[in-house]
Amino acid sequence: MQISDYPLQETHLDEEFCRQNGELILQVRVHKRQWLSQNSRMGWRQKAAMVKILRRLGYLTGLNLKNDKSQEFACRWVTGADRVKVVALIHPLRRGTFDPGNAAASVKPIIDGLTDAGYWADDNGARLLGPDYRPALPTGTPDEYRIDLHITGYRLPAGRETDQTRRTP
């Protein structure tokens with residue numbers, strides 16, 4: 001396998017395949033001025049303002065997806081799951097090498113927004129596996145990143161529930 005063949009091997013790039021397998025796909029578009037990277041250097045006030053914007057963006061996108069009839073079954077499955085796995089496909093601005101893990105500073109507030117929208121009770125490690133950051137193809141727009149969150153819900157077998165994963169009313 002060559003490095004140039006890697007994106008063709010990534011199953012998460014085929015959205016229809018993922019939807020057929022019960023994954024909830026949430027697409028979030030982030031303007032480059034609001035993009036946070038692990039390498040970003042800014043003051044704490046500016047960073048807090050960006051985090052607030054990204055969290056609100058995740059919240060509103062999550063609420064919008066709950067009303068989308070095309071993914072209604074997957075949305076109900078994820079919100080009622082005991083555990084959730086998140087794979088984040090990061091679409092950069094342009095071709096070239098990039099580190100998808102640097103998007104963690106932008107993805108975490110979006111996941112917090114999904115928590116606020118009621119997708120899961122808490123985003124602690126007992127309930128949320130990931131996010132797993134993967135590279136994707138460029139967006140094609142010069143000023144917009146795109147994050148595709150592929151969310152899969154899992155139910156624990158009876159008797160395997162622990163105090164940390166037990167659902168709270």
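## Histidine 91

In this predicted model, a polar atom of the histidine 91 side chain lies 2.7 Å from the backbone oxygen of leucine 137. Histidine 91 belongs to strand 2, which covers residues 83-91. Is histidine 91 buried or exposed? With a relative accessible area of 7%, histidine 91 is buried, because the cut-off for buried is under 20%.

Leaving out residues up to four places away in sequence, histidine 91 touches Ala136, Leu137, Thr139, Tyr145, Arg146 and Asp148. Two of these partners, Thr139 and Asp148, are taken up next.

## Threonine 139

Threonine 139 sits in a loop that runs between strand 3 (128-135) and strand 4 (144-154). Its side chain reaches the backbone oxygen of threonine 141 at a distance of 3.2 Å.

Which residues does threonine 139 contact, apart from its neighbours within four places in sequence? They are His91, Pro92, Leu93, Glu144, Tyr145 and Arg146. Tyr145 and Arg146 are also touched by histidine 91.

## Aspartate 148

Aspartate 148 is part of strand 4. Its relative accessibility is 2%, so aspartate 148 counts as buried. The side chain of aspartate 148 makes a polar contact of 2.9 Å with the side chain of arginine 146.

Beyond residues up to four places away in sequence, aspartate 148 touches Glu15, Leu26, Gln27, Val87, Ala88, Leu89 and His91. Aspartate 148 and arginine 29 are 119 residues apart in sequence, while their C-alpha atoms are 8.7 Å apart in space.

Arginine 127 is located in the loop between helix 5 and strand 3. Because its relative accessibility is 7%, arginine 127 counts as buried.

Proline 131 lies in strand 3. What is the form of the peptide bond from glycine 130 to proline 131? That bond is cis, and its omega is near 10°. For background, most peptide bonds are trans.

## Helix 3 against helix 5

Helix 3 (residues 44-66) packs with helix 5 (residues 104-116) at an angle of about 45°, and their axes are 7 Å apart. The two helices are therefore oblique to each other. Their crossing is right-handed.

On the helix 3 side, the contact is made by Val51, Leu54, Arg55, Gly58, Tyr59 and Gly62. Helix 5 contributes Ala105, Ser106, Pro109, Ile110, Asp112, Gly113, Leu114 and Asp116. Sorted by class, the residues in this contact are seven nonpolar, four polar and three charged.

## The chain as a whole

How many helices and strands does the protein chain have? There are five helices and four strands. In sequence order they follow the pattern α-α-β-α-α-β-α-β-β.

The chain has 169 residues, of which 40% count as buried. Histidine 91, arginine 127 and aspartate 148 are among the buried residues. Of the contacts between residues at least 6 apart in sequence, 84% join residues at least 24 apart.

Key. Residues numbered from 1 in each chain as written. Predicted model: local features only at pLDDT ≥ 70, side-chain atom pairs only at ≥ 80, totals over all residues. Heavy atoms only, no water. Polar contact = N/O pair within 3.5 Å; in protein donor to acceptor, adjacent residues only side chain to side chain. Contact = heavy atoms within 4.5 Å. Axes fitted to C-alpha atoms, helices over the stretch in contact; angles between N-to-C directions. Parallel < 35°, antiparallel > 145°, perpendicular 65-115°, else oblique. Left-handed = near helix turned anticlockwise from the far one by under 90°. Nonpolar A, V, L, I, M, F, W, Y, C, P; charged D, E, K, R; others polar. Buried < 20%, exposed > 50% of the residue type's maximum accessible area, 1.4 Å probe, protein only.
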